[in-house]
Amino acid sequence: MSLEQRVLEAFAKGTVKELDSLTLDTEFQAIGVDSTDLLCMIFELEDEFDFEIPQDFENKIFVTIGDVAKAVREYVEENDIDITEKG
Amino acid sequence: MSRRVVITGCGYVSGLGIGKEALFSAMREGRSGVRSIKGEFDGVVMTHAAPVKGLIPEDHFEASRIKKELDPFSQFAIVAAREAVAQSGLELSDEILEGTSVVVGSSIGGLHTIEENFIINQRRVHPMAIPRMMASSPVSQVAMEFGFHGPSFATSSACSSAAHAFAQAVLFIRSGLAERALAGGTESTGLRSSYRSWDALRVVSRDACRPFCNTRSGIVLGEGAGMYVLEEYEAAKARGANILAEVVGMGMTSDAADIVAPSQKWVAKAIERCLNDAKLNPEDVHYINAHGTGTKLNDLCETNAIKMVFADHASQLKISSTKPIHGHTLGAAAGIEIASIVLAMNEDVIAPTLNYQEQDPECKLDYVANTARQEKVDVALCNSFAFGGLNAVLAFKKV
């Protein structure tokens, strides 16, 4: 599964929203997602990728789910983190 | 002239099921909701409890709200509050919302959330762990559910948490700081950590909860929530509300003695202060819903305290502990137990003390043993005597 797809699934799990209705272009504001929802998503991402997301992550400006996927991809590549799916 | 406070709505979640009727029918019929929990949790010694029955969270709340914000103890409080508000018939205008306070007691807080985050899954803590577990969470959630803007907070005093919440709400209305309130208690105990903690304290009966009985051997745990709509009397009357009972007094003391054992002097004093506050004579009281936990210590102390305060009238009192019906619900106790007073004053039925086998020569009052009694009740007390010696007694009158 692509990183982007894994981010989408983490978001759906963290906010308990239907995956079918979500795409990388989904804007958070449009679906009523607030800062605590974002924290819940980060929690699922950390679980999914088995890494610690830095404390300032949630301060970045994210308009869409795709923005988050992009930030995760950058973070993973910069820090050379192994994100192979477990099992 | 001082303002009077009345109950105009009530709602419950308990080991008997969801809603008032589940609890009231058990009280009328003298039926227990205590059941076997043997084998449900690893390393738990106690075999019986009265965990909440029939609550499927997704039937009541959005999945996302449950996950983010609602520990079971908050879920219980909201479901009970919804029933109470609906029963009251209050129209929730902006003015009404502004003058409504929420005060809810709980002794521990969101224990499920604590267990999930610190015991079951130790790798990382969910970001919403704190808002979910904090003892004030049910208060905020109830306020948010309806839009209440009056003075609101949680109270905590072990098994007297709900009684103190009730007392505080009454004080707000008496003083004019609020016109009405949602008051009560909630507690979630149906989990491994809780059962193991109570096992360790060795106060749980391996037999049954038998308050005041010679063969009593400890408590049986319950959980749930009891919530009430309290209103200033004249306003309630003016809008044609159905008044369930009037709250006429409160008495509160602190034993300042032992962290678990009760002190007869200060337990009696709480009852006395309540009668004074209510301007009642001992002979005016018909029924007492006792704290009656089923421990050797509490039941003897409570009996002696009642004898001290009521003297000759003690033998005329009807006293029952409904804990064998719904379990000891800790911080929700008075919240659940005031149901017996609403029942008594509106249906002339006194709920029994179940599981009573044999008289204790030191506890010889009328405990309405085993069978509910048809009898008119005009004046009643609700006793709560908590660990740590925090006592609260409330007095009620039929209106």
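Guide: A salt bridge is a side-chain nitrogen of Lys or Arg within 4 Å of a carboxyl oxygen of Asp or Glu. By that rule, 8 salt bridges cross the interface of chain A and chain B. The model is predicted.

Visitor: What makes A:Asp34 and B:Lys68 a salt bridge?

Guide: Their side chains come to 3.4 Å, N to O. The cut-off is 4 Å, so the pair qualifies.

Visitor: Where do the two residues of this pair lie?

Guide: B:Lys68 is in helix H3 (residues 63–69) of chain B, and A:Asp34 is in the loop between H1 and H2 of chain A. The pair crosses between chains.

Visitor: Is B:Lys68 called buried or exposed, and on what value?

Guide: Buried. Its relative accessible area is 8%, and buried means under 20%.

Visitor: And why is A:Asp34 put in its class?

Guide: A:Asp34 has a relative accessible area of 39%.

Visitor: What makes B:Arg124 and A:Glu52 a salt bridge?

Guide: The closest N and O atoms are 3.4 Å apart.

Visitor: What makes a network of the salt bridges here?

Guide: Shared partners. They join A:Glu46, A:Asp47, A:Asp50, A:Glu52, B:Arg123 and B:Arg124 into one network.

Visitor: How many salt bridges are there over all chains?

Guide: The whole structure has 32. One of them pairs A:Lys13 with A:Glu44, at 3.7 Å between the closest N and O atoms. A:Lys13 is in helix H1 of chain A and A:Glu44 in helix H2, so the pair ties together parts that are 31 residues apart in sequence. A:Glu44 is buried, with a relative accessible area of 5%.

Visitor: How is the size of the interface of chain A and chain B known?

Guide: From the area buried between them, about 1100 Å². Carbon and sulfur atoms give 56% of it. A:Val16, A:Cys40 and A:Phe43 supply 45% of the area that chain A buries against chain B, more than any other three residues. The contact takes 16 residues from chain A and 11 residues from chain B.

Visitor: How many residue pairs are in polar contact there, and which helix of chain A gives the most residues?

Guide: There are 9 residue pairs in polar contact between chain A and chain B. Helix H1 (3–15) and helix H2 (35–49) of chain A each supply at least two residues to the side that touches chain B. H2(A) gives the most, with 8 residues. That side divides into 5 nonpolar, 3 polar and 8 charged residues.

Visitor: What makes a nonpolar core, and how many residues has the largest?

Guide: Its members are buried nonpolar residues joined through side-chain atoms within 4.5 Å. The largest core has 52 residues. Among those with the most contacts inside it are B:Ile7, B:Phe166 and B:Phe396. A second, separate core has 31 residues, including B:Val285 and B:Tyr356.

Key:
Residues numbered from 1 in each chain as written. Chains lettered and ligands numbered in written order. Predicted model: local features only at pLDDT ≥ 70, side-chain atom pairs only at ≥ 80, totals over all residues. Heavy atoms only, no water. Buried < 20%, exposed > 50% of the residue type's maximum accessible area, 1.4 Å probe, protein only. Contact = heavy atoms within 4.5 Å. Buried area = accessible area lost by both parts, 1.4 Å probe. Polar contact = N/O pair within 3.5 Å; in protein donor to acceptor, adjacent residues only side chain to side chain. Helix = DSSP H or I, 4+ residues; strand = E, 2+ residues; numbered from the N terminus. Nonpolar A, V, L, I, M, F, W, Y, C, P; charged D, E, K, R; others polar.
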